[in-house]
Structures are given as C-alpha cells and as structure tokens.
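Please look over the structure shown here alongside the briefing that follows. The points are grouped by topic and are meant to be read next to the coordinates.

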Amino acid sequence: MAHQALIDGRGELTQAELETVAAQLADKLDRPHVICLHGGLGAGKSTFARAFLRAKGVTDDIPSPTFNLMQVYEGAGPKGSDIWHVDAYRLADPSEAEALGLLDAFDTALCLIEWPENLGNQLPPRCLHLHLALTDNDDLRRVALTQEAA
C-alpha cells in the first residue's frame, strides 16, 4: 500500500515522527477520504488528528471531540471540502452515525474517525486504517497503516 511508505518500514515512531507522518498524509490526500484511527487510550489518535488538521491549515483550537462526538472544520479539506474529526467512543449504537450526518460526510468530506470499531458496518469501503499501540518505551508508538480494497 503506497501510504505505508510514510511510516518508513520501522513500525515504531516518536510523537514528532507521528506528527510528521500525519502532515505528509494530509499533504497527499486530494479528495474526500475516511481515515480510521485505531488504538487504546493514550496511543496517539488525537495527536495524529491534531497534526493532520494543522497540516491542512486549521489554525483554530483543535479540541478532542470526545464529549461532543464530532468537530467539523468547514472548507479545510481537499478542494474546499469539510474535515470531520469524530470520536465514536461514546456511541451507544452504530446506527447513531446516520443521525449525526456522518454517513453523508463519508461521501463529501475528509473524515478522521477515532474509535471506528464503534461504527460497526457503517464504515464505507476503502478506508485508510491507522493502528497505534503503546510500547514498552513511553516515547514510542507502534504504528501500521493499511487500506481496505474497494
């Protein structure tokens, strides 16, 4: 997968390197896309999302959408599309994604989804999946990037 080269085959990254990968990926995406951010608490999902959003030109405060479920950055995406930063941790049921308007956003926006497993089968095909995991070294995160086939 072409985007995996951003991780440089090492598999473990510092926070600064993770932020660099986020910026490089943000620079490469030129159309609406869904990026699923997998990992436990403290693995680096929000760090990646903030660096990605900064690389897309977002200068506002970038809060974690944990309590409001989503934050929409209008016009910050490819070709003036919106970027949705979603934290699905508190979704009680995958069907809530439709009520939030997220299913429509999958077709028109660039979406960063934390805790995507809580969306069940609501995710579209061809998502990028970034898997982050803690390591024995507090300064490193294990990182893998995959993409589903269409």
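The elements named here are DSSP runs numbered from the N terminus, with helices (H or I) of at least four residues and strands (E) of at least two. This is a predicted model, in which local features need pLDDT of at least 70 and side-chain atom pairs count only at pLDDT 80 or more, while totals for chains, interfaces and linings use all residues. Residues are numbered from 1 along each chain as its sequence is written, and side-chain values use heavy atoms, with hydrogens and water left out.

- Phe52, which is found in helix H2, is buried, with a relative accessible area of 0%.
- Not counting residues up to four places away in sequence, Phe52 touches Ala22, Leu25, Ala26, Leu29, Ile35, Leu110 and Leu112.
- Although Phe52 and Leu112 are 60 residues apart in sequence, their C-alpha atoms are 9.1 Å apart in space.
- Just after H2, Gly57 takes a positive phi of about 100°.

**Helix H1**

- Helix H1 (residues 15-28) has 14 residues and should span 20 Å at 1.5 Å a residue, which agrees with its end C-alpha atoms being 20 Å apart; the expected span is 1.5 Å times one less than the number of residues.
- The buried residues of H1 are Leu18, Val21, Ala22, Leu25 and Ala26.
- These residues lie on the same side of H1, because they cover an arc of only 135° around the axis, the arc being that of the directions from the helix axis to the C-beta atoms.
- The packing partners of the buried H1 residues are strand S1 (12-13), strand S2 (34-38), helix H2 (45-55), strand S6 (128-134) and strand S7 (141-147).

**Largest pocket**

- About 200 Å³ of space lies in the largest pocket, a volume being the space filled by probe spheres set on grid points that are joined across faces, edges and corners.
- On a 1 Å grid over the protein atoms alone, a pocket is an open set of points where a 1.4 Å probe fits, with protein on both sides within 12 Å along at least five of seven lines, and lining residues have an atom within 4 Å of a point.
- The largest pocket is lined by 14 residues, and Leu41, Lys45, Ser46, Glu114 and Trp115 are those nearest its centre.
- H2 supplies the largest share of this lining, with three residues.

**Loops and backbone angles**

- Most residues other than glycine have a negative phi.
- Trp115 has a positive phi of about 60° although it is not a glycine; it lies in the loop between strand S5 (110-114) and S6 and counts as buried at 13% relative accessibility.
- Lys79, in the loop between S3 and S4, has a positive phi near 55°, and Lys79 is exposed, with a relative accessible area of 80%.
- Gly75 is found in the loop between strand S3 (70-73) and strand S4 (83-87), where Gly75 counts as partly exposed at 43% relative accessibility.
- Leaving aside neighbours within four places in sequence, Gly75 is in contact with Gly80, Ser81 and Asp82.
- Arg31, placed in the loop between H1 and S2, is partly exposed, with a relative accessible area of 39%.
- Beyond residues up to four places away in sequence, Arg31 touches Pro78, Leu110 and Arg126, and the C-alpha atoms of Arg31 and Pro78 are 5.3 Å apart across 47 residues of sequence.

**Cysteines**

- The count of disulfides comes to zero, a disulfide being a pair of cysteine sulfur atoms within 2.5 Å.
- Cys36 is in no disulfide, and the nearest cysteine sulfur, that of Cys127, is 4.0 Å away; Cys36 counts as buried at 0% relative accessibility.
- Cys111 is likewise in no disulfide, with the nearest cysteine sulfur, that of Cys127, 9.0 Å away, and Cys111 is buried, with a relative accessible area of 0%.

How values were computed
Buried means under 20% relative accessible area, exposed over 50%, partly exposed in between (1.4 Å probe, protein chains only). Contact means heavy atoms within 4.5 Å.
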